Amino acid sequence: MSEVRARTLPSGVSDPGAVDAVIVGAGFAGLYMLHRLRGLGFSTRVYEAGSGVGGTWFWNRYPGARCDVESLEYSYSFSDELQSDWKWTERYASQPEILSYLNHVAERFDLHRSIQFETRVTAATFDEAANRWIIRTDRGDRVSARFCIMATGCLSAAKIPELEGIETFKGKRYHTGHWPHEGVDFTGQTVGVIGTGSSAIQSIPEIARQAKQLFVFQRTPNFSVPAHNAPLSADVIQDWNANLASYRNMERTSAFGFMHEPSTKGALEVAPEERQREYETRWQRGGFHLIGAFTDILVSKDANDTAAAFVRSKIRGIVRDPAVAEALMPTSYPIGTKRLCVDTHYFATFNRSNVTLVDLQASPIEAVTTAGVRTSAAEYSLDSIVFATGFDAMTGALSNIDIRGRAGVALKQKWYEGPRTYLGIMVAGFPNLFTITGPGSPSVLSNMVVSIEQHVDWIADCLAHLREHRLALIEATLDAENAWVTHVNDVGHQTLFPLANSWYMGANIPGKPRVFMPYIGGVGPYRQKCDEVAAKGYEGFILSQAATYA
Ligand code: NAP
């Protein structure tokens with residue numbers, strides 16, 4: 001099979017080409033998927049909306065943007081040479097470093113030539129007569145593909161809140177997920193940041209250092225733990241390299257896709273002093289380790305309360321003004337049920353004289369005005385507003401594409417009451433359409449790179465299997481899908497996650513159904529399930545004959 005050369009087509013010109021597979025997106029998922037399919041000899045084209053590779057790391061260039069999974073672990077494991085050649089410099093990699101890494105990967109594996117940039121896929125329609133997907137783009141492309149693989153990311157459809165008067169604001173507006181490539185200099189400005197999720201918590205300390213005055217508009221306070229970021233030491237790197245195979249295996253068989261010290265006790269099984277010591281050790285270590293301190297933090301409210309109280313006591317200790325500290329303390333949901341944030345000096349930033357917390361619970365935003373933001377208590381004049389207001393998570397990027405399966409049924413319609421998938425990989429009624437880290441898989445509850453590699457490998461093996469057996473189609477059965485959705489819900493409801501108004505639950509998007517979208521059964525058990533399904537001849541899928549492969 002011949003490689004399809006990428007080229008940028010002039011607007012309005014249609015491409016009648018046919019390929020084995022179209023991949024939508026050139027982030028971590030799309031790049032590795034392309035590499036695997038090319039290795040298997042499938043003709044493949046990638047469409048990417050950005051002008052470069054990187055996905056999340058291409059768009060999220062806000063000050064302070066950094067991964068909250070440690071750099072050594074937040075990296076591909078598929079190539080030993082890549083692993084030994086690439087040198088991470090910090091414990092948690094910054095956005096520019098991750099983007100350089102992904103550019104390096106694209107160059108190293110010669111991926112650019114199969115990617116058509118600045119091209120957004122607008123529609124994907126399954127042609128039942130031909131058993132092929134017809135993919136259309138905003139540049140007029142029309143390409144037919146046997147397989148359509150969505151590598152569109154879980155947090156890629158940026159959400160600007162529907163606030164009255166946004167368009168009238170005379171100053172500058174930014175969204176953290178669409179940051180200008182040339183950067184923004186806030187020196188001398190009065191800036192408002194709306195939101196206090198991960199993006200805000202990372203950017204606020206950086207913006208505060210530049211701005212004359214910073215107002216932080218907080219609707220819901222967030223739990224955050226320190227990153228304790230630092231340059232990677234030679235010892236850490238040496239240990240990583242010496243134990244690479246076993247560490248990678250630990251990730252793949254773990255609960256969340258990264259290495260952690262597993263706990264063996266429940267939080268209430270130990271004496272208060274021991275509990276405190278354990279939390280303190282993990283706080284000093286930094287990152288997500290705190291949430292793994294005890295076995296039951298995410299399943300028992302009483303256990304969870306002890307971890308939440310610990311973090312609140314830390315906030316009280318860091319923030320000098322007791323009223324501000326109080327307002328920064330989350331109380332309305334269990335810790336960990338909204339994504340835990342990992343920060344560098346976030347709470348301490350509120351000790352600065354140029355930073356003011358605006359508590360929207362006390363006085364909600366009424367409107368954006370020409371001059372700034374008006375709450376029920378005051379009007380704030382601003383030069384710039386930074387919307388750190390998040391994403392239409394997990395389903396948003398897919399809903400933005402008009403995806404139609406059998407009988408012209410729209411995926412959006414099928415998912416009207418919440419996403420339904422089999423294993424988070426396929427959807428009944430949408431043959432040969434794959435969703436990498438789709439809803440119903442561990443995805444956002446895991447180290448994304450580990451989950452991406454697992455899905456990509458599973459999909460690549462599946463396509464190879466179909467070709468080997470001269471099969472045209474693979475399609476999830478409705479029964480398998482229903483059973484999986486029930487299982488995902490059952491497991492989700494054994495945890496505290498449904499208690500929070502989180503984006504995991506679709507709660508940040510008005511009108512979005514409240515469904516716990518990711519799968520919390522654990523990265524390791526989930527991988528095992530997927531492998532078993534494949535080993536049993538793709539149990540729960542219908543595979544059908546009569547393919548002609550070029
Ligand atoms: P987010 O977690 O959804 O946070 C959005 C923030 O905006 C929330 O504080 C939300 O308040 C607020 N908000 C939304 N609409 C609002 C409105 N109308 N008025 C006032 N406030 C409003 O979004 P994010 O910070 O971009 O993070 C999304 C996810 O991306 C993270 O959870 C994480 O998984 C990932 N991420 C990771 C990193 C990293 O690796 N370090 C960095 C950034 C993002 P409510 O809570 O009240 O809704």
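## Labels and their cut-offs

User: What makes the link between the side chains of Ser-224 and Asp-343 a polar contact?

Analyst: The two side chains are joined at 2.6 Å, and a polar contact is a pair of N or O atoms within 3.5 Å, where within protein one atom must be able to donate a hydrogen and the other to accept it, and residues adjacent in sequence count only if both atoms are side-chain atoms. The value of 2.6 Å therefore meets the distance cut-off. The side chain of Ser-224 also reaches the backbone oxygen of Cys-341, at 3.3 Å. The model is a predicted one, in which local features need pLDDT of at least 70 and side-chain atom pairs count only at pLDDT 80 or more, whereas totals for chains, interfaces and linings use all residues. Residues are numbered from 1 along each chain as its sequence is written, and side-chain values use heavy atoms, with hydrogens and water left out.

User: Why does Ser-224 count as buried?

Analyst: Its relative accessibility is 0%, and buried means under 20% relative accessible area, with exposed over 50% and partly exposed in between (1.4 Å probe, protein chains only), so Ser-224 falls in the buried class. Ser-224 is found in strand S10 (residues 224–226), where strands (E, at least two residues) and helices (H or I, at least four) are DSSP runs numbered from the N terminus. Its contacts, meaning heavy atoms within 4.5 Å, include Ile-201, Trp-283, Val-311 and Phe-347.

User: How do you know whether Ser-446 is buried or exposed?

Analyst: Ser-446 has a relative accessible area of 6% and is therefore buried. Its place is in the loop between strand S18 (433–435) and H13. The side chain of Ser-446 makes a polar contact with that of Ser-451 at 2.6 Å, and, leaving aside neighbours within four places in sequence, Ser-446 is in contact with Phe-256, Ser-451 and Val-523.

User: What is remarked on in the phi angles of Asp-110 and Glu-118?

Analyst: Phi of Asp-110 is near 55°, a positive value in a residue other than glycine, and phi of Glu-118 is near 50°, again positive in a residue other than glycine. Asp-110 is found in the loop between helix H4 (95–108) and strand S3 (115–116), while Glu-118 lies in the loop between S3 and strand S4 (121–127). Asp-110 is partly exposed because its relative accessible area is 38%, and Glu-118, at 47%, counts as partly exposed.

User: What makes a group of residues a nonpolar core, and which residues touch the most other members in the largest one?

Analyst: A nonpolar core is a set of buried Ala, Val, Leu, Ile, Met, Phe, Trp, Tyr and Cys residues joined through side-chain atoms within 4.5 Å. The largest has 137 residues, of which Phe-28, Tyr-76, Ile-149, Ile-335, Phe-434, Trp-458 and Phe-541 touch the most other members. Helix H13 (residues 448–468) gives the most to this core, with 10 residues. Apart from it lies another core of 23 residues, among them Met-150, Val-427, Leu-433 and Ala-472. In soluble globular proteins, nonpolar side chains tend to be buried together.

User: How do you know which residues surround the ligand?

Analyst: A residue is near a molecule if one of its heavy atoms lies within 4 Å of it. The ligand is surrounded by 23 residues, the closest being Arg-66, Ser-199, Arg-219, Thr-220 and Lys-338. The largest share of this shell, three residues, comes from helix H5 (residues 198–210). An oxygen atom of the ligand is 2.8 Å from an N or O atom in the side chain of Arg-219, and a backbone N or O atom of Thr-196 lies 2.8 Å from a ligand oxygen.
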